[in-house]
Amino acid sequence: MQDYGRSSTVGDTLKIVVLVKHVPDAQFDRHIGPDKTLERSESILSELDEYALEAALQVSEARGGDKAGNQVIALTMGGPDAANALKKALQIGASSGVHVADDALAASDAWATSLVLAAAIRNIGDVDLVLTGMASTDGETSLVPAQLAERLGLPQLTFASSLEVTGRSVAVRRDSETTSDVVEAELPAVVSVTDQINEPRYPNFKGILAAKKKKIATFGLADLGIDPAQVGAAGSLTRVEQADPRPPRSAGTIITDEGDAGIKLVDFLAAQKLI
């Protein structure tokens, strides 16, 4: 584990990195390609990442936004199409984007992904806060935030349903079915947020035009000092052995009312162990 910290002389401005991901659109069926990875021809910015982006923008705006020197940097990794997630983030309001693009990244699991993202954050430098969604809508592992915090040597606050940055500390609320806990940490820190934290904004016409002038920096693995053998299928701890199409749904049971529909319904529910 390598420590990643900032000097205590840092002022009130913040540099916030938001992880964003280009994921298959949930409106369409998912397909596994010949290389046993998800096909991403019909992909969008992960909806859960929009909550993290909105949280970052609100923290930045509370301190004066870009004009005051605050930065919200959208970070992604993946093939050329992953840049579309960055473009959407810039349209919503991110200050700039960073794209880690390399053919060797294909088939990287959460372990390899966190390795690359940690190196990219170190490369960005002087980051105060790393914000992520609570999961990606394709893998849904929720592993990357914790792995990222470990690799960077930072405190992690996960599944935050509220977030407040005061001075050089961050406080979040974590809600369960029975309790709510408030957890605090000093900056820099890694925070993952839930879909209960806010209502993400939509890109407006002004934001779409402004995004065209914002910069996206692109790096390869060599730029980050990462050996290709550490990522992709070779560097991953998990791999897909087999993927089969989802079986078609069977026809439902139709109950015709012949005066005994209520009894038939109860019998059906009992057989399914629903009552």
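Contact, in this presentation, means heavy atoms within 4.5 Å. With that definition, among contacts in the protein chain between residues at least 6 apart in sequence, 71% join residues at least 24 apart.

Good morning. The structure is a predicted model, in which local features need pLDDT of at least 70 and side-chain atom pairs count only at pLDDT 80 or more, while totals for chains, interfaces and linings use all residues. Residues are numbered from 1 along each chain as its sequence is written, and side-chain values use heavy atoms, with hydrogens and water left out.

I begin with the chain as a whole. The protein chain holds seven helices and twelve strands. Helices (H or I, at least four residues) and strands (E, at least two) are DSSP runs, numbered from the N terminus. Of the 275 residues, 43% count as buried. Buried means under 20% relative accessible area, exposed means over 50%, and partly exposed lies in between, for a 1.4 Å probe and protein chains only.

Let us turn to the sheets. Two strands pair if DSSP finds at least two bridges between them. Seven strands form an open sheet with parallel pairing, in the order β7-β11-β6-β1-β4-β5-β12. At its edges stand β7 (156–160) and β12 (216–219), each with a single partner strand, so one side of each has no neighbour in the sheet. From one strand to the next, the twist averages 20°. For angles, axes are lines fitted to C-alpha atoms, for helices over the stretch in contact, and the values run from 0 to 180 degrees between N-to-C directions.

Gln156 has Val190 in β11 as its bridge partner. Helix α1 (residues 47–62) packs on this sheet, where it touches β1 (15–19), β4 (71–77), β6 (129–133) and β11, and its direction makes about 170° with that of β1. Helix α2 (residues 83–92) lies across β4, β5 (96–100) and β12, and runs at about 170° to β5. The buried residues of α2 include Ala83, Leu86 and Leu90. After α2 comes Gly93, with a positive phi near 150°.

There is also an open sheet of three strands, in the order β8-β9-β10, with antiparallel pairing. Its edge strands are β8 (162–166) and β10, each of which pairs on one side only. On average, neighbouring strands of this sheet are turned by 20° against each other, direction ignored. Within it, β9 (residues 169–175) and β10 (residues 180–186) pair in the antiparallel sense over seven bridges. These two strands form a hairpin with four residues between them. Ser169 stands opposite Glu186 in β10, and Arg174 has Asp181 as its bridge partner.

Why is helix α4 (residues 144–152) described as largely enclosed by the rest of the structure? Seven of its nine residues are buried, so the rest of the structure encloses most of the helix. Among these buried residues are Val144, Leu148 and Leu152. Their cover includes β1, α3 (110–124), β6, β7 and β11. Gly153 follows α4 and has a positive phi near 70°.

In the loop between β6 and α4 we find Ser136. This serine is buried, with a relative accessible area of 17%. The side chain of Ser136 makes a polar contact with the side chain of Asp138 (2.8 Å). A polar contact is a pair of N or O atoms within 3.5 Å; within protein, one must be able to donate a hydrogen and the other to accept it, and residues adjacent in sequence count only if both atoms are side-chain atoms. Not counting residues up to four places away in sequence, Ser136 touches Lys21 and Ser46.

Ala107, with a phi of about 75°, is found in the loop between β5 and α3. Ala107 is partly exposed, at a relative accessible area of 35%. Lys273, with a phi of about 60°, is found in the segment after α7 (261–271). Is Lys273 buried or exposed? At 74% relative accessibility, Lys273 counts as exposed. Thank you for your attention.
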